[in-house]
Amino acid sequence: MSMVQQAIEVSAPVHTVYEQLAAFENYPRFMTGVRQVTSIGADQTHWIMDVDGKRREFDAQIIERSPDERVSWSTMEGPLLAETITLRPMGETKTQVVAQLEADIAFLMPSDRHGQESLNRRLKADLTTFKGLVESGVLGGRPMPTGASAKRLFPASPASVAARIRNRPSTSQPGPGAGWDTGAADLGNADPTGTRLTDNPLHSAPTSADLKTPSAVRGAQDLERDMRSGGVAGSARMGGRTGNADMWGEGMINEEERG
C-alpha cells in the first residue's frame, strides 16, 4: 500500500475547479488508466480502468463532496484505490489543488518495480493534465481572459478616420487636396494664398530668366514712368478707393482701410 501527495495551482476560480472534480465523468480525461466513470447512485460510481493492458472494473463510494473545499472517494471492495482532493482559493482567479492518492500498487501497477516513485509521477502528471484542461476551457467552459483587459483593440482604418474628419465641425470648408496624403504633395491642388484663385501663383511665378527678357525690362521702365506721371490706372491713394475696377474686384478695401 502506498500514498503519495502532489499540489498544483490552477488559474481558475475555486468554484470552477470544484465543479470539474465533483463531476466524476470528467476523470477519464485527466486520470491515467481511467476509461469510464458512471454514476450508479447518489454517492456511488462505477469505474472501468486499463491496468497493464487489462480491463478492470470496480465500484467506488463518494465519501465527501464539500462545495469549493474537498472531494473524496474510495473503492468499496477489492484492492484499495482512494483519493482526497482539497481546494484552497488563491485570490479570486486562482486555486491550489492538493491531491492525496492511496493505492494498492500491486493492483494498479503490477509490473512496475518503482511503485512509489511511479505513482508519485503519475499523480503529478494527472494534475498537470487537469490544470491544462481547465485553463484552456475544455473543462469548465470558456478560458479565463488574461491581462488587464480582454477587449480587442482594432486600429482605425483610413476610411473611418477620413469620415471623422469630414464630420468634424469647422468654420471653413477645406480647400482642394485636403484629406489623406497619398505620398508627395500635389502643388497643383494647393491654394497657399487662400484667395481661391484658379491660377496657382506657385506655377505662374516668374523665374530669374523671365525678369531679364527685353519685354520685362520695358515693362519695368513703363511702370516707372507711370508712377512719376501720376500713378497707374486702377490704383488708389493711401486709404482711398480705386476709380475703376481692378484685379481684386470692384470696391475692394486696401489693407490700411481694412485695419
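The part in question is Ser-74, and the request continues below. Which strand holds Ser-74, is Ser-74 buried or exposed, and with which residues is Ser-74 in contact beyond its neighbours within four places in sequence?

Modeller: The model is a predicted one, and the answer begins with the residue itself. Ser-74 lies in strand β5, which covers residues 70-75. Its relative accessibility is 12%, and because buried means under 20%, Ser-74 counts as buried. Once the neighbours within four places in sequence are set aside, the contacts of Ser-74 are Ala-60, Gln-61, Ile-63, Leu-80, Leu-81 and Ala-82.

As to confidence, β5 has the highest mean in the chain, at 98, whereas helix α5 (residues 201-204) has the lowest, at 43. For the chain, the mean pLDDT is 73, with 54% of residues at 70 or more. Over residues 143-156 the pLDDT is below 50, and the model gives this stretch 8 contacts beyond near neighbours in sequence. Residues 232-259 likewise stay under 50, with 20 contacts beyond four places in sequence. Where pLDDT is low, the predicted coordinates should not be read in detail.

Elsewhere in the chain, two further strands may be described. Strand β2 (residues 34-39) and strand β3 (residues 44-51) run antiparallel and are joined by 5 bridges. The two form a hairpin, with 4 residues between β2 and β3. Within this pairing, Val-34 stands opposite Met-49 in β3.

Definitions and conventions. Residues numbered from 1 in each chain as written. Predicted model: local features only at pLDDT ≥ 70, side-chain atom pairs only at ≥ 80, totals over all residues. Heavy atoms only, no water. Buried < 20%, exposed > 50% of the residue type's maximum accessible area, 1.4 Å probe, protein only. Contact = heavy atoms within 4.5 Å. Pairing = 2+ DSSP bridges. pLDDT = per-residue confidence, 0-100.
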